[in-house]
Amino acid sequence: MGVSCSSPEKGISVVTVDFPPVNALPVRGWFALAEAVRGAGRDPGTRCVVLAAEGRGFNAGVDIKEIQAAGQEALIGANQGCAEAFAAVYECGTPVVAAVQGFCLGGGIGLIGNADAVVASEDAVFGLPELDRGALGAATHLARLVPQHLMRTLYFTGRTVSAAELHAHGSVWRVVPRAELPEAALGLAREIAAKDGGLLRMAKAAINGIDPVDVRRSYRFEQGFTFEAALSGLAGRVRDTFGRQGRQGKEGA
């Protein structure tokens with residue numbers, strides 16, 4: 001349980017997240033993920049990083065129960081941890097391929113929205129149920145996956161979209177049966193890692209340099225409203241209703 005790293009093939013590092021039952025990450029989990037991705041990217045032998053997860057789904061966002069129990073201290077930690085994890089993926093020295101199965105919600109969108117490529121299983125669903133959880137954020141990253149009006153509709157409703165829909169929008173590279181996901185992600189990573197390592201790092205820096213949106217600053221701006229909602233008491237009132245009734249698009253804790 002936790003965050004682990006492996007090197008199944010030369011030039012490829014796999015960072016795997018495993019926080020049962022639904023990969024809703026505690027504060028320490030987000031910081032551990034950031035450290036693992038940055039460490040893999042700093043390794044001169046790494047040419048591509050695969051971000052994967054064990055269990056039912058890829059990521060269910062932050063651990064709401066931890067925030068309910070610890071209050072503002074946990075909220076501040078979660079916001080800082082998410083910001084660091086998202087930035088670690090975006091700023092990783094080498095390309096990052098996300099391998100997504102099952103649900104990818106909340107913070108999961110932040111991770112894949114900052115990845116360089118996404119491979120998904122046929123059962124994967126993607127969404128931002130933030131408004132139902134008393135939070136705001138990651139619209140920055142959802143906007144990198146779908147067109148503007150669809151992003152707004154998904155954000156305001158909390159609905160999810162399928163891997164096939166994201167593939168149609170061009171933000172998912174391949175959609176495969178769940179059993180084939182690890183090999184599909186490794187296959188893409190293998191193709192990337194076959195390139196010259198030095199040029200790959202230059203290419204990643206160059207592409208980030210021409211990005212029209214400063215994703216770190218944009219996300220931190222969004223998080224300011226999360227703090228405002230928390231300080232006003234609005235976030236707590238909404239968060240306390242989380243999980244009491246089934247709502248479309250919810251998958252985890």
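Reader: Where is the place of proline 21?
Author: In this predicted model, proline 21 is joined to proline 20 by a cis peptide bond, with omega of about 5 degrees. Most peptide bonds are trans. As for its place, proline 21 sits in the loop between β2 (12–18) and α1 (27–42).

Reader: Where does alanine 138 lie, and what is its relative accessibility?
Author: Alanine 138 is in the loop between β7 (125–127) and α5 (139–142). Its phi is positive, about 70 degrees, although alanine 138 is not a glycine. Alanine 138 counts as buried because its relative accessibility is 3%.

Reader: Which residues is threonine 16 in contact with, leaving aside its neighbours within four places in sequence?
Author: Threonine 16 belongs to strand β2. It counts as buried, at 12% relative accessibility. Leaving aside neighbours within four places in sequence, the contacts of threonine 16 are Gly2, Val3, Ser4, Ala52, Ala53 and Glu54.

Reader: Why does glutamine 223 count as buried, and which residues is it in contact with beyond four places in sequence?
Author: Glutamine 223 is in helix α10, residues 215–232. The cut-off for buried is under 20% relative accessible area, and glutamine 223 has 1%, so it is buried. Leaving aside neighbours within four places in sequence, glutamine 223 is in contact with Asn79 and Ala83.

Reader: Is glutamate 73 buried or exposed?
Author: Glutamate 73 is found in helix α3, which covers residues 72–91. A residue counts as exposed over 50% relative accessible area. Glutamate 73 has 67% relative accessibility and is therefore exposed.

Reader: How many Å apart in space are glutamate 73 and leucine 136?
Author: In sequence, glutamate 73 and leucine 136 are 63 residues apart. In space, C-alpha to C-alpha, their separation is 17 Å.

Reader: What radius of gyration does the protein have, and what would a compact globule have?
Author: The C-alpha trace spans about 50 × 35 × 35 Å along its principal axes. For 253 residues, a compact globule would have a radius of gyration near 18 Å. The value for the protein agrees with this, at 17 Å.

Reader: What percentage of contacts between residues at least 6 apart in sequence join residues at least 24 apart?
Author: The secondary structure comes to 11 helices and 9 strands. Buried residues make up 52% of the 253 residues. Among contacts between residues at least 6 apart in sequence, the share joining residues at least 24 apart is 73%.

Reader: How many Å apart are the mean positions of the positive and negative charges?
Author: The protein exposes about 11,500 Å², with carbon and sulfur atoms supplying 56% of that area. There are 25 positive and 26 negative charges. The distance between their mean positions is 2 Å.

Reader: Over which residues does pLDDT stay under 50?
Author: The mean pLDDT of the protein is 93, and 95% of its residues reach 70 or more. Where pLDDT is low, the predicted coordinates should not be read in detail. The model has 26 contacts beyond four places in sequence for the stretch where pLDDT stays under 50, which is residues 246–253.

Conventions:
Residues numbered from 1 in each chain as written. Predicted model: local features only at pLDDT ≥ 70, side-chain atom pairs only at ≥ 80, totals over all residues. Heavy atoms only, no water. Helix = DSSP H or I, 4+ residues; strand = E, 2+ residues; numbered from the N terminus. Rg over C-alpha atoms; globule rule 2.2 N^0.38 Å. Buried < 20%, exposed > 50% of the residue type's maximum accessible area, 1.4 Å probe, protein only. Contact = heavy atoms within 4.5 Å. Areas by Shrake-Rupley, 256 points an atom, 1.4 Å probe, with all protein chains shown as cover. Lys, Arg positive; Asp, Glu negative; His and termini not counted. Charge placed at Lys NZ, Arg CZ, Asp CG, Glu CD. pLDDT = per-residue confidence, 0-100.
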